[in-house]
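Take a moment to look over the sequence and the 3D structure shown here, and then follow the description through its parts.

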Amino acid sequence: MTGPLLSVQNLRIEATSYPPGEPPRNVVLVEGVSFDLQKGRVLGLIGESGAGKSTIGLSAMAYGRGGVRLTGGRIMLNGRDIRTASAAGLRTLRGHEVTYVAQSAAAAFNPAKKLMEQVVEASLSHRLMTRVEAETRAVDLFRQLGLPNPETIGSRYPHQVSGGQLQRVMTAMALCPKPDLVVFDEPTTALDVTTQIDVLAAIKRAIRETGVAALYITHDLAVVAQVADDIMVLRHGKTVEYGTTDQIINAPVQDYTRALVSVRSKDHPEKPATGTPVLTVDGVTARYPGLALDVLKNVTVSLEAGHTLAVVGESGSGKSTLARAITGLLPPLKGRMTFAGRQLSNGVAGRTKDDLRELQMIYQMADVAMNPRQTVATIIGRPLEFYFGLKGAARDKRVAELLDAIEMGKGFADRYPAELSGGQKQRVCIARALAAKPKLIICDEVTSALDPLVAEGILKLLLDLQAREGVAYLFITHDLATVRAIADSIAVMYRGQVVRYGPKTDVLEPPFDDYTDLLLSSVPEMRLGWLEETLAHRKMESAGN
Amino acid sequence: MKLHPVANLLVQRIALGLLLLLAVSVLIFAGTQLLPGDVAQAILGQSATPQALANLREQLGLNDPAHVRYFRWLGGVLQGDLGKALSNGQDIASAMGGRLWNTMFLAFWAAVISVPLAIMLGLIAVRYQGRWPDKVISAVTLSTISLPEFVVGYIAMFLLAVKYRVFTSVSMVYDGMSFGDRIHAIALPVLVLVLVVLAHMMRMTRAAILNVMQSAYVETAELKGLRPFTIIARHAFPNAIAPIVNVVMLNLAYLVVGVVVVEVVFVYPGMGQFLVDHVAKRDIPVVQACGLVFAAVYIGLNMLADVISILSNPRLRHPK
Amino acid sequence: MRRIPLSALIGMAVTGAFFLAAILAPVIAPYGMAEIAGDVWEPMSSKFWLGTDAIGRDLLTRMIYGGRTTIWIATLATILAFSLGSILGFTAAVMGGWLDQILSRLNDLIMAIPSLIFALVVLTVMPVTTTTLILVMGFLDSTRVFRLSRAVAVDITVMDYVEAARLRGEGWGWIIFREILPNALSPLVAELGLRFIFAVLFISTLSFLGLGVQPPLADWGGIVKENKEGLVYGIPAALVPAVAIAALAISVNLVADWVLNRTTSLKGGRG
């Protein structure tokens, strides 16, 4: 058989949306998308949320999630049009010719069945091999994917293994029936960056060794550049640019692609030290009530007025807990904090109105940080009223000024949060913090939930405001590109401790401690061959030791 | 000795259930003894002479402090002595025995019919979600939920016993009755109980199954190209057991209330009728005893639901 | 303006009609409530639209007054249940700690006894008056409201916007009334409908058992009881109040369903 393994022509995908109180409406999710995938090749589908990349990926299995309909075009797999295939015909191809790796392996595994049973299930139900053959193959795949105890891990239940391991087991499950094509749907997005690199390497090796073709879906261009042969950039359900990985990364044609490629390379020059700290945290230790474990261990950092301190770490490192300790939501067991030259009371209840006013906070999920029943004017106006007693026209005037400051304009004053985009919501939260005329704003992963270009806009706004208002930021993030773009000094946290702390240039320059080295080298870079170089470098180092 | 975490949890749950039952006994006792309103007055009526009231209080031991009376009562209950009825001096435990059995018989058949039926209808409603079988089932169950039990009872009686004389309108049972006759006699009350419980149970079963069917692992199974039957049997069902059992137990508790009313409608000699009769007679020892038995059954069912959902939870059965 | 579905409109119309009839009972009822106007169990006629009852009173008149009693008691019991349940529920959720523990455990304890059984136990010693009935029903039902409003409020208190208000230094009043309540209102309004239906069914059942509203007053459950003997002779007088109870319950249910759907669609789902 010649010709491509998968050929998608002029694909159109629709769904019915049910806006509250209005009649149902048809929405076009994907329109006019075409691509070919040859045997053994990897195509990366990339785009921001809502670009239709997962929807296109699942269409390779002729599957529409929750009422999504494949309404037009041709999807040819191994020379057959699968878009119009019968339910029985689809059953013979799903789990045999095409398999799927989901973003959240934890949810995608049946909690009541052992892993091995689920890994070999498709191979057995399609009568591709005997149980013994399938289990032998599964164990081989477990070994190939670098899972610990490959012989016995199959007898465990999903909740008994870690997230990174589960993602590898899911990859083994997809590869077990020897498919022609695997759809990887954001397989490393939910993982920490130091786990991501290993899973990514394991997936890449498995793809190469089994010779399977793959659709690799992700929002992270740097990740897909490591595994894909070709890349298709999608936006609003349409193709923006489609070419080889080399061309997309090194010679992008479209403005949107160019913006995506350059978004992570911003660097912010470090401000000179002034010597007047706005916040000092001295030997703070904290634990959650009822848990016999210190989530913060003897943390000492300080932040100068008008500067930005980035607190970096992976999930569970204690970086958000540090924010809770500073805001007074989780009073520390030991240690002391000063703020604007005053001793800071441990709990919220003991703080003065000025303490509360001058220390503001912005959250990761702007969606839940704003009361959905309040208008933008109320959300921004309340701190003005509460702290400064502004009312009526004076308040409205100040709200309009603040809306200008966040580049939105006073037309937004009467809108509800649900009527704003993700970036606009985060801007309103910034305005609410600014309204209090703070000296310090704690930013807790404020750009993590946003698409890269929107996030870049928010960072730029924060920098502009800092230059104009002289406000300091305590910036909590797991993303090192963001750190480079905004920080003056950095604290790296690991298991509740600050393992490295100092001015940005010092922290990011060698010699490193082991953890910072691991963390920094695990962040995917926007160039071809980064993954191999890093792995080779690590191998060399461990051989040298 | 270190117990398996499941055993540990089970012991905890059962202990908690017993503790709850003890607390309930206090509440029931307090409800009849401490509320405003004098028991002796309640029994004898407004026209009683002060002398008669004093005598009765003495006779009932009402002059002792409340906690003394409670422990006396509890001590009796624990030894199977539920006290004597005020109205006729009969021993409550022996009077209750036969009636408890009658009620169990009624509730047993109602449960045997309604549980599989509810699960089946729930599955059908999910299978045809949003289409006419689902809508018909929803509409019918919504109407039955909106009717009090006694209304369902009288409608059934009017149609099946009066208009078309299939069953008798009064469910007479007596000792030495043949099994077939007994079943025929309770057919109508069982039908009514089934209707009442079915509606609640089916709606909740539907929601529970729907929840499981929308989970990511069912999608995974679908993307493995498994047959719909295999998906339901192998992936949906094991995870739906706990929520369904919970729903079933929760709704069997409706039986406890439904039975009281249905027994009155069909003049069936069971616990419910017994309780209602003695509330009207203000026969406090009997009411206390009946209340305790009903609450015990109710708590027992909830405890059983807890136990089953613990046993069917893989996270608890296979700890890390 | 949002479009209201037909089922909700019908529900509102029927519910409205019942409440109107209850309020205007003395004006619209053709006879006096206790007036013996005809023969025993007369069939429906132009003189007696619904026929007469077991002792010859006009059934339509009895129904209108009965509805007044049923709706009155159910409404007051629901109001009591809601005020008590939601205030305690919100307080428990916002305050947390030992207060929450005490209130929640106490609530579990009362809910461990089926409402009807608990009511029967209490009514054995209490004088059965309208006030007692309202108090007992309202109190027992408040446990259900407590559980719901606490759960709803707990879900909201963990939201970042409530945390933001706390960090701003807002007092309990602002947090409960401005941050939590507006977001808890829709599920609570839907629950209000369900609790009202439950109260109607509850008082009807009690009266049917002879332990609710006492003569000379009558409610729908009591009218069923008065006329149940007729059923055996094929006289459907007892079914008329039954139909009324069902109609009221279903129509309130339709409205509650709509309110609930509107709430869930506000939160938005997938697609």
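Chain C and chain A bury about 2100 Å² between them, with 55% of it on carbon and sulfur atoms; buried area here is the accessible area (1.4 Å probe) that two parts lose on being put together, summed over both. Within chain C, the residues that lose the most area to chain A are Asp160(C), Leu167(C) and Arg168(C), which together account for 30% of what that side buries. This is a predicted model, in which local features need pLDDT of at least 70 and side-chain atom pairs count only at pLDDT 80 or more, while totals for chains, interfaces and linings use all residues. Residues are numbered from 1 along each chain as its sequence is written, chains are lettered from A and ligands numbered from 1 in the order in which they are written, and side-chain values use heavy atoms, with hydrogens and water left out.

The contact (heavy atoms within 4.5 Å) takes 22 residues from chain C and 25 residues from chain A. Two salt bridges are counted between chain C and chain A, a salt bridge being a side-chain nitrogen of Lys or Arg within 4 Å of a carboxyl oxygen of Asp or Glu. Glu163(C) forms a salt bridge with Arg324(A), and their closest N and O atoms are 3.3 Å apart. On the side of chain C that touches chain A, helix 7 (160–168), helix 8 (172–208) and helix 10 (239–267) of chain C each supply at least two residues, and the largest share, seven residues, comes from helix 7 of chain C. Helices (H or I, at least four residues) and strands (E, at least two) are DSSP runs, numbered from the N terminus.

Chain A also holds an open sheet, in which four strands are arranged in the order 2-1-4-5 with antiparallel pairing; two strands pair if DSSP finds at least two bridges between them. Strand 2 (25–37) and strand 5 (80–81) of chain A stand at the edges, each with a single partner strand, so one side of each is left without a neighbour in the sheet. Strand 4 (residues 69–77) of chain A is joined to strand 5 of chain A by two bridges, and Leu77(A) has Arg80(A) in strand 5 as its bridge partner.

In chain B, six of the eight residues of helix 9 (residues 216–223) are buried, so this helix is largely enclosed by the rest of the structure; buried means under 20% relative accessible area, exposed over 50%, and partly exposed in between (1.4 Å probe, protein chains only). Among the buried residues of helix 9 of chain B are Tyr217(B), Glu219(B) and Leu223(B). Helix 9 of chain B is followed by Gly225(B), whose phi is positive, near 75°.
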